[in-house]
Amino acid sequence: MPYSQHKVSEELAQSIIDKAQCGDILLIRTEGELTTSFQPSYWTHSLVCLNNKHAIEAKITGVRVSDLMYVLARCDDAKLIRPTLKIDTDKLIDYALSQTGKGYDFSFDDDGKFYCHELTESCLRASSQIVFN
């Protein structure tokens, strides 16, 4: 399938929005995007929910806060995941918002910029006791 068909139904989108909480991870797949062609995972983009209306994400234009309904209306599949760890939601929101405006990490290294999964990990690391090796 070369281009997105925007297959996420309004019912699925609303169900995700109704359940979303600060610290949840939203995984999405959108056909026709560059990442879909080389991403080894089925899920090609991740966002961290700030509440049930907004999430933080890293796109090629940089780190930004996005409207969940807008994101869900433009993708082909979506899954909401709730991490099983204690998240300090105030720390998560403060950290996430402090990252807005940072550039996209096209080189996928540790340079103060982010690609989507890197931002997701960074937000979880900053707001919980999780340890990544």
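# Close-up views of a predicted model

View 1. The 5 strands of the open sheet follow the order β4-β3-β2-β1-β5, with antiparallel pairing. At its edges are β4 (62–67) and β5 (77–81), each of which pairs on one side only. On average, neighbouring strands of this sheet are turned by 25 degrees against each other, direction ignored. Here strands (E, at least two residues) and helices (H or I, at least four) are DSSP runs, numbered from the N terminus, and two strands pair if DSSP finds at least two bridges between them. Axes are lines fitted to C-alpha atoms, for helices over the stretch in contact, and angles run from 0 to 180 degrees between N-to-C directions.

A word on the model itself: it is predicted, so local features need pLDDT of at least 70 and side-chain atom pairs count only at pLDDT 80 or more, while totals for chains, interfaces and linings use all residues. Residues are numbered from 1 along each chain as its sequence is written, and side-chain values use heavy atoms, with hydrogens and water left out.

**View 2. Strands β1 and β2, with a helix lying across the sheet.** Strand β1 (residues 25–29) pairs with strand β2 (residues 45–49) in the antiparallel sense, over 4 bridges. Look for isoleucine 28, which stands opposite histidine 45 in β2. Helix α5 (residues 116–127) lies across β1, β2, β3 (54–59) and β4, and runs at about 30 degrees to β2.

View 3. Serine 66 sits in strand β4. Is this residue, serine 66, buried or exposed? Serine 66 counts as buried because its relative accessibility is 6%; buried means under 20% relative accessible area, exposed over 50%, and partly exposed in between (1.4 Å probe, protein chains only). The side chain of serine 66 makes a polar contact of 2.4 Å with that of glutamate 57, and another polar contact, of 3.2 Å, joins the side chains of serine 66 and arginine 64. A polar contact is a pair of N or O atoms within 3.5 Å; within protein, one must be able to donate a hydrogen and the other to accept it, and residues adjacent in sequence count only if both atoms are side-chain atoms. Beyond its neighbours within four places in sequence, serine 66 is in contact (heavy atoms within 4.5 Å) with Lys53, His54, Ala55, Glu57 and Val71.

**View 4. Alanine 55 in strand β3.** Alanine 55 has its place in strand β3 and is buried, at 1% relative accessibility. Not counting residues up to four places away in sequence, alanine 55 touches Leu47, Val48, Cys49, Leu50, Arg64, Val65, Ser66 and Leu68. Alanine 55 and isoleucine 25 are 30 residues apart in sequence, and their C-alpha atoms are 8.9 Å apart in space.

View 5. The structure holds 0 disulfides, a disulfide being a pair of cysteine sulfur atoms within 2.5 Å. Cysteine 123 is in no disulfide either, with the nearest cysteine sulfur, that of cysteine 22, 9.3 Å away. Cysteine 116 is buried, at a relative accessible area of 6%, and cysteine 123 is buried too, at 0%.
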